[in-house]
Amino acid sequence: MGQAGWKGLFQSLFDYKTEKYVVAKNKKVGLLYRLLQLSILLYLVVWVFLVKKSYQDIDTSLQSAVVTKVKGVAYTNTTALGERLWDVADYVVPSQGENVFFVVTNLIVTPNQRQGTCAEREGIPDGMCSQDSDCRAGESVIAGHGVKTGHCLRVGNLTRGTCEIFAWCPLETQSRPTEPLLKEAENFTIFIKNFIRFPKFNFSKANVGQMDNRDFLKSCRFSSKNRYCPIFRLGSVVRWAGNDFQDMALEGGVIGIHIEWNCDLDKDASECNPHYYFNRLDNKHTTSVSSGYNFRFARYYRDPDGVEFRNLMKAYGIRFDVIVNGKAGKFSIIPTVINVGSGLALMGAGAFFCDLVLIYIIKKREFYRDKKYEEVRLVGLTLMVQGGWSPA
């Protein structure tokens, strides 16, 4: 590059360049441009700021603690258990109360089981036999109830029987329930205490209001008009989840109790309120033989001779899962500036789209294209401009 070239480059550093604007007197394109501007403005104001509140900093790292208590008593009189009064210690698992708990609504009892030998139940493939060699001693019965003793037990002249096993005998009662044992459980109540905190904003709250009346919680029940009474009737919770309590109590199920905390911290703290909704989490329409919800537990005793025996109980009931989630938002200058900048960029995109319509789509596109773009050529000492000339 010669001396003149370096001099020209140096002088160009002090040049000022500005855009040339062409005012197109076209009503159709002008209307399109204003409509695009209005649409972008409405999107920015209504959707971005009013609906999505994108001017806020958001905290989704909700910290939550749940404490539950169930209250209620029920009376039963059955052949297996006789007269019995059921309270919280009998029908709630675990008894200390957590965000997941189980309420017993039905029970099948196999009383007075003792460890000894008896025949494996029919229908278990690994427990069927035709001779003693089919029951290898010491092997456990797959999907069965005990350990094989080496003997095949056949009744009468039958060619096949079941293996003798060492187990808790008699074996568990195999009947299915026909009606719920604890029908009164529909009127039991659940006290759900939920504490939440949004660490980014150091904001904490609970679903129990600050109340001067200490007797309020003894008599209140949750409703859409009384959201700060965290006491729920079991039958109402199941009904709100779209099910009938007595039908569900027969073979059990799983209910989700959802607590949503969506808080706008630009408003007063009293505006941050819990919202509840309920649904059934297991598939009530399944045709599986294992539908519902149940588990087994036993109560152990000793007779006067010191021999251990137990009452085996197959408990059906409703498991409640308390699920807490939410988010909090508060004004912050950073997301506000980012979203305003995005809106301005969209305005530029609208102008670019109108330019495309003006110079490529409408009938007079060639005329507008010539006005928007000029061809400039430097010939000798004369600067030639399309449509005229000027001395260099």
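# A quick tour of a predicted chain

The chain has 392 residues, and 36% of them are buried.

**The nonpolar patch**

- Which helix gives the most to the patch? That's helix H2, which spans residues 27–51 and supplies nine residues.
- Is Val51 buried, exposed or partly exposed? Its relative accessibility is 47%, so Val51 counts as partly exposed.

**The chain as a whole**

- If you count up the pieces of secondary structure, you get eight helices and 19 strands.
- The accessible surface of the chain is about 24,800 Å², and carbon and sulfur atoms account for 55% of that.
- Now take the contacts between residues at least 6 apart in sequence: 66% of these join residues at least 24 apart.

- You'll find Thr162 in strand E9, which runs over residues 161–169.
- Setting aside residues up to four places away in sequence, Thr162 touches Ala119, Glu120, Arg121, Glu122, Gly127, Met128, Cys129, His151, Cys152 and Leu153.
- With Glu120 there is a polar detail to spot: a polar atom of the Thr162 side chain sits 3.1 Å from the backbone oxygen of Glu120.

- Arg176 belongs to the loop between E9 and E10, and it is partly exposed because its relative accessible area is 46%.
- How far apart are Arg176 and Glu251 in sequence and in space? They are 75 residues apart along the chain, yet their C-alpha atoms are 8.8 Å apart.
- Asn187 also lies in the loop between E9 and strand E10 (189–198).
- With a relative accessible area of 53%, Asn187 is exposed.
- An unreviewed UniProt entry marks Asn187 with the annotation "glycosylation site".

**Residues annotated as a binding site**

- An unreviewed UniProt entry puts a "binding site" feature at Lys69, Val70, Lys71, Thr189, Asn294, Phe295, Arg296 and Lys314.
- Arg296 is in strand E15 (residues 294–302), while Lys314 is in strand E16 (residues 308–331).
- Arg296 counts as partly exposed at 45% relative accessibility, whereas Lys314 counts as buried at 17%.
- Beyond its neighbours within four places in sequence, Arg296 is in contact with Glu172, Leu312, Met313 and Lys314.
- The Arg296 side chain also makes a polar contact with the side chain of Glu172, at 2.9 Å.
- Leaving out neighbours within four places, the contacts of Lys314 are Asn106, Leu107, Ile108, Glu172, Asn294, Phe295 and Arg296.

**Salt bridges**

- Side chains of opposite charge can pair when their charged atoms come close.
- How many salt bridges does the count come to? The answer is twelve.
- One of them brings together the side chains of Arg114 and Asp303, 3.0 Å from N to O. Arg114 sits in strand E6 (residues 100–119) and Asp303 in the loop between E15 and E16, so this pair ties together parts that are 189 residues apart in sequence.
- Arg114 is partly exposed, with 32% relative accessible area, but Asp303 is buried, with 16%.
- Lys183 and Glu179 meet in a salt bridge too, with 3.6 Å from N to O. Lys183 is partly exposed at 41% relative accessible area, and Glu179 is partly exposed at 48%.
- Asp321 and Arg319 form a salt bridge as well, at 2.9 Å from N to O. Asp321 is buried, with a relative accessible area of 11%, while Arg319 counts as partly exposed at 24%.
- Some salt bridges share partners, and in this way Asp126, Arg136, Glu139 and Lys148 are joined into one network.

Notes:
Residues are numbered from 1 along each chain as its sequence is written. This is a predicted model: local features need pLDDT of at least 70, side-chain atom pairs count only at pLDDT 80 or more; totals for chains, interfaces and linings use all residues. Side-chain values use heavy atoms; hydrogens and water are left out. Helices (H or I, at least four residues) and strands (E, at least two) are DSSP runs, numbered from the N terminus. A polar contact is a pair of N or O atoms within 3.5 Å; within protein, one must be able to donate a hydrogen and the other to accept it, and residues adjacent in sequence count only if both atoms are side-chain atoms. Contact means heavy atoms within 4.5 Å. Buried means under 20% relative accessible area, exposed over 50%, partly exposed in between (1.4 Å probe, protein chains only). Accessible areas come from the Shrake-Rupley method with a 1.4 Å probe; for residues, only the protein chains shown count as cover. UniProt positions are given in the numbering used here, feature names are shortened, and annotations may be inferred rather than shown by experiment. A salt bridge is a side-chain nitrogen of Lys or Arg within 4 Å of a carboxyl oxygen of Asp or Glu.
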